[in-house]
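I opened my notebook to look up a few features of this structure. My entries are below.

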There are 6 protein chains.
Amino acid sequence: GREAILKVHASKVKLSNDINWNVVARRTPGFVGADLANVVNEAALLAARYNKPSVGMAEVEKAIDRVMAGPERKSRILSKQETKVVAYHESGHALVAKMTPGTDPVHKISIISRGQALGYTLQLPTEDRYLTSKTELLNRIKVLLGGRMAEQVVFGEITTGATDDLTKATDLVTRMVMEFGMSEILGPVAYKKPDGEVFLGRDLSHGRNYSDRTAESIDGEVRKIIQDSQAQVKTLLEKNRSKLDALAAILLEKETLNADEVNAALGLPPQEPAPTPA
Amino acid sequence: GREAILKVHASKVKLSNDINWNVVARRTPGFVGADLANVVNEAALLAARYNKPSVGMAEVEKAIDRVMAGPERKSRILSKQETKVVAYHESGHALVAKMTPGTDPVHKISIISRGQALGYTLQLPTEDRYLTSKTELLNRIKVLLGGRMAEQVVFGEITTGATDDLTKATDLVTRMVMEFGMSEILGPVAYKKPDGEVFLGRDLSHGRNYSDRTAESIDGEVRKIIQDSQAQVKTLLEKNRSKLDALAAILLEKETLNADEVNAALGLPPQEPAPTPA
Amino acid sequence: GREAILKVHASKVKLSNDINWNVVARRTPGFVGADLANVVNEAALLAARYNKPSVGMAEVEKAIDRVMAGPERKSRILSKQETKVVAYHESGHALVAKMTPGTDPVHKISIISRGQALGYTLQLPTEDRYLTSKTELLNRIKVLLGGRMAEQVVFGEITTGATDDLTKATDLVTRMVMEFGMSEILGPVAYKKPDGEVFLGRDLSHGRNYSDRTAESIDGEVRKIIQDSQAQVKTLLEKNRSKLDALAAILLEKETLNADEVNAALGLPPQEPAPTPA
Amino acid sequence: GREAILKVHASKVKLSNDINWNVVARRTPGFVGADLANVVNEAALLAARYNKPSVGMAEVEKAIDRVMAGPERKSRILSKQETKVVAYHESGHALVAKMTPGTDPVHKISIISRGQALGYTLQLPTEDRYLTSKTELLNRIKVLLGGRMAEQVVFGEITTGATDDLTKATDLVTRMVMEFGMSEILGPVAYKKPDGEVFLGRDLSHGRNYSDRTAESIDGEVRKIIQDSQAQVKTLLEKNRSKLDALAAILLEKETLNADEVNAALGLPPQEPAPTPA
Amino acid sequence: GREAILKVHASKVKLSNDINWNVVARRTPGFVGADLANVVNEAALLAARYNKPSVGMAEVEKAIDRVMAGPERKSRILSKQETKVVAYHESGHALVAKMTPGTDPVHKISIISRGQALGYTLQLPTEDRYLTSKTELLNRIKVLLGGRMAEQVVFGEITTGATDDLTKATDLVTRMVMEFGMSEILGPVAYKKPDGEVFLGRDLSHGRNYSDRTAESIDGEVRKIIQDSQAQVKTLLEKNRSKLDALAAILLEKETLNADEVNAALGLPPQEPAPTPA
Amino acid sequence: GREAILKVHASKVKLSNDINWNVVARRTPGFVGADLANVVNEAALLAARYNKPSVGMAEVEKAIDRVMAGPERKSRILSKQETKVVAYHESGHALVAKMTPGTDPVHKISIISRGQALGYTLQLPTEDRYLTSKTELLNRIKVLLGGRMAEQVVFGEITTGATDDLTKATDLVTRMVMEFGMSEILGPVAYKKPDGEVFLGRDLSHGRNYSDRTAESIDGEVRKIIQDSQAQVKTLLEKNRSKLDALAAILLEKETLNADEVNAALGLPPQEPAPTPA
């Protein structure tokens, strides 16, 4: 679907031969038509700015980053200590992703500010996903907690930089418990509807309608799942401290690492290319 | 009623001789006039698309599916593992329905995406229903939990694919307890009005007005009923694992099965045709 | 008052001699002017449809039923089992009313669908009422629970058909406890105003303002009163099972029974006519 | 103030000599200018209807009743039993008022329906009041509960007729506890502002803001005060049962009693006339 | 500031020589420009009404009272007993103020109704205040409770006349506990923002967001502080009962007392005049 | 960024040679474009008012104070005691900041009223900050509590002057617990979103949705953190009482102290100038 849409939009710009729309489609999961149009436009603008005769894969890659995470913020100058914290934070995300089987491949990590973020770790699924299992959800939560735990392991304390990760992890765990029926204690009951409304058949008025004791169980279950995940992540990072240091050091030096560079830093073989679909 | 409405709408299109409006009427319980008009229109469009001289029963059947569950989503390509999960999920619904006396007959199961769903199991009542007994409600809940339990039994864990089933099962159980007076513990008291408003004679302002202890009892009763149902469903599927495997295997192969194909897969005789009313 | 209003409206239509407006007035308690005008109009329409030269008592009776409970739903065809459940349900209401001293006389019972209802039992007071005692309220609650308990006694389980009865019974019991000061435990305190607003002098903002413990007491008291009433109704119906069977059998056969037919089915003498006021 | 206003309005109508505006002023406490104008107009209309040459004290008295309690409802015909209940109810109010020192004098009692009420007992203060003591508030509550307790003592149960009394008594007790600081347990704390808003300095958002335990104390205190008052009223009426019977009997006969007739029924001397102010 | 504003407004009216704007400024703390303009206008109107050639200090004083507390209500005639209660109530406020070091000087007390109040006690600070200590807040609360406790000590019970005092005292104590961090138990935490909104960093939605146990602690602390203050005030008034009687007696006789008259009644030397600022 | 913006705005006014825009930029962290334009305008107005030929560093400094804290309130005259309290309060803030490693340098303290504040202590970061660690947050809280604790240590009680400090400290601690995941007890869970909305994946309706027990834990944790910080601050100020006295004495005398004057008062060497960036 996305590949076809991309080709329609791209028909209006001059393209270089190195562009593989199938790869682009795979790197833009969740993108709707407007996003893809945006990517093509941004790439054309970048090619024009650098006086290139045609739009190449490099411009398309940069355009995807920009559409995905916002413009680079070169004017935002972090202190040395802050930059170091960010480098370990992103390395934490990436290392947990690499060490946890079944997570999406790490495509890029960066300590260049973009949009609201001071750095970012980009994982790309190898295919579109329609179902997610409990194990996969727990793995995503671990990757989210990897940044924060890297800070804890290396610096002995945590900063305000992990706030967005906490929000996302809490959201996922809460949906596991309240929406997907994945908690033994709370049982196979929908406590909220998929769209987020509080449910249980009693939500026509404001506020939740389950009892405070049920709310207590939900709180306890959410806290337990996230704390257990965090403990596992901490252990994993402590055991792999030298890899974490190695990755952070190279990231500090190069500012942005692609999949192969991440693998090299961790002493892993380069990622095998995804098979080209027919 | 529906048969008459269908005939009015159908008077505007050319029909083949194989159409039995009485059968169509029975397959569209709950359809209002606009839905039925829609079915006739869709069928006419399909006949035109395939250059058929008249609208036949095949077109009408497809049109009903489309109006009931939304258009097919051929562009949505699931991974092999996802497709397998969906096949077992739908087979779970169908098998529980077949093994539970008093549930509506299984008319069709499919792993072709339609609308929001990745697959669907279609049960059709043999007649319109105006009253539902407690036993019948519990049976519906079991069928709803069959998909999720098939995933659990076969793959050892659950995916996000059962979310809509959970919402529907929770809604039914909650109405049994709060609206239909079917719980011994909560008693013959209406805790909400049929239209869903919280009730108990105290609901003119926002929020629930029964005590938190009553809310606790309701939560406990809802959880117990749904957990007991789930345990029975799990046992039933474990005992009939070979039937489940057989049904899922054929479904994976054929993608859509009608009532007779389901029966064949389960080693059951073909469904007897409904008697034609005078 | 109603008799005078009826005569004003009726002055515009040609009447047969059999019409007794005093009887009509007694059969329309709670009707306001517009309802009564409606009755006269419906009766005139019915007379016109059947080509009668004038409006007779038969047309007026049918018109009252139509205004009171909505139009007959002849197209709604229930299954044999559903019809049997409805017949026992209505017979349950009627039998409890007949066996409980001090309730309003049973005027008609029917298993013909009207408006939202699958059947109905019509009690008519012998005079307008302005005060209701605690005993009379408890009797009304028992009659309301009679339908549901007849289902339980005869079929061993309950259907969704008693939902509206539960809502009405819960509303009455709640008003006894919260509005009329008729519970020893809650005491002579108004917990809500007659018009339904939560009260206790603290209700200017949203939601209830009494404590959760008071809400618990209210819940417990409401549940107890309605459960006690239900137990008495169940015993009464079990003791009079043969009468219940007899009434249901005749109702299934005739579909609608008037007061004398109900009495005959129960082996009671015909109801004495109400004395004609001067 | 009211006397002057009355004279201004009365200057437009022809008056008989028997009118004492000072007495009228005393009988209309709480009346604002528009109410007083209303009284004069109603009195003039009554005089015109009965073809009187001038407006007399009789017309003014009837006009005050009409403005105070709404028009008589002669078309509302109660059953004998209902009328008897109303007579005892009003006699209960009146007897408690007569037997409790410090309450306002009983001016009139009636079992003729007016506005929403089936009967009424009218007490008139001898002067306008600006301060009310705790004892006076408790006395008012006892008079309010007198009607309901008379029903209990005489008929052994209570009707829906005491609902408005309960609302008023609950409102007074709640204000004693939450607004006037008259409960030892809740202490000299304002839990709501005089105008009824929930207070305690925390009420800027919706709902109450004191703890549920405080709400429990308030509920308990309100219930205790009103139950203690009711117990005293019941004892008083039981001890004076013969007086209650006597008053109710004469009220049933005459339908409306003035102060002297009430005194006569109770064997008390006629009320001494209020001294005429200079 | 206020003195300058007063002079601007006063430049438009003819003044007598006895006016000391500095004194006027000190007697109008909290007045904004519009209030001061109002004072000058009212004084000019009073001078015109009494045919005075110029506005004198007497007119300005009366104008301040009128702007501060509303117009005198001469038509509101209290009973003897009510007047006596008001006299003791105001004497209670004044006596507590005089006996508590560090409170603002009593400027005037009166039992003439003004605006909504039946009487008033006027304290004037000797200078504008920007900071208030915990001790000063507790003293203000004691003065507020003085009126109500004088009623209790003298008449053995309390009237509805102390309602406004309770509201103000509750408001002050609640702010001490929730806003100023002056409770050991609740600690140095802001439970609401200065402008009254519930706070604790969680108040963006409706209602309070601290736990019910914290609400309980707040309720308990508020109640304890106000009950302790009341007990101290009661003891003080009982010990000084003869002074209270003397002050009330003179107030009943003269209706309004200035600072020197209050001192004389209490056997204290006349208040030393405030030093005139340069 | 800010330096460039400043230069753009400053291009419209005549500048003296002593202006160092880099220093100005460092002293205006958090200022947006409009604020910086404001600073230049205010400085130009000040230069015009004092008839200076060009805008100098002195005018720019004053302009920054005005934009940051509002205009000076010279007409607000505090009593001697109030002034002394303010001097100790600000000295408390400053001394805690000086004695706590890792806090931002104290740039200025003043007891001249500005905007809503009676005095202020100005700390300026040496660089823009994007991440804040738990330790740094706790240090900020201690500085906020320093004013209030200085009042307690010196005067034995607290005034209403610390209200704004409490609000800010409570807000920071609450965010540590609910947003930044910095409490062991509450765990790495986001209880509200960064923008302040209550979260936990359940906040689509009004009010909080976690259980009351969780709210209790949050309350307890917030109170504990802030009470522990306060105890440490109190001990620090008691141990350094002579420094506190010295600083307050000089502040009372000079009304405003710059960084060097603060250091001198505390016997510390003058602050080393920040290195000028290239």
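**Entry: source.** I note that the model is predicted.

**Entry: helix packing in chain E.** I looked up helix H6 (residues 134-155) of chain E and helix H7 (residues 163-178) of chain E. They pack at an angle of about 160 degrees, and their axes are 9 Å apart. Angles over 145 degrees count as roughly antiparallel, so H6(E) is roughly antiparallel to H7(E). Their crossing is left-handed. From H6(E), the contact residues include E:Leu137, E:Ile141 and E:Arg148. From H7(E), they include E:Asp165, E:Leu172 and E:Met176. I sorted the contact residues by type: 10 are nonpolar, five are charged and none is polar.

**Entry: aromatic pairs.** I looked up two of them.

In one, the ring centres of B:Tyr88 and B:Phe155 are 5.7 Å apart. Their planes stand at 90 degrees, so I log the pair as edge-to-face. B:Tyr88 sits in helix H5 (residues 80-99) of chain B, and B:Phe155 in helix H6 (residues 134-155) of chain B. The two are 67 residues apart. B:Tyr88 is buried, at a relative accessible area of 9%. B:Phe155 is partly exposed, at 25%.

In another, E:Tyr191 and E:Tyr210 have ring centres 6.1 Å apart. Their planes are at 90 degrees, so this pair is edge-to-face. Both residues lie in the loop between H7 and H8 of chain E, 19 residues apart. E:Tyr191 and E:Tyr210 are both buried.

**Entry: chains without contact.** I checked chain B against chain D and found no contact; their closest C-alpha atoms lie 10 Å apart. No contact joins chain B and chain F, with closest C-alpha atoms 10 Å apart.

Notes
Residues numbered from 1 in each chain as written. Chains lettered and ligands numbered in written order. Predicted model: local features only at pLDDT ≥ 70, side-chain atom pairs only at ≥ 80, totals over all residues. Heavy atoms only, no water. Axes fitted to C-alpha atoms, helices over the stretch in contact; angles between N-to-C directions. Helix = DSSP H or I, 4+ residues; strand = E, 2+ residues; numbered from the N terminus. Parallel < 35°, antiparallel > 145°, perpendicular 65-115°, else oblique. Left-handed = near helix turned anticlockwise from the far one by under 90°. Contact = heavy atoms within 4.5 Å. Nonpolar A, V, L, I, M, F, W, Y, C, P; charged D, E, K, R; others polar. Phe/Tyr/Trp six-rings, centres within 6.5 Å; stacked < 30°, edge-to-face > 60°. Buried < 20%, exposed > 50% of the residue type's maximum accessible area, 1.4 Å probe, protein only.
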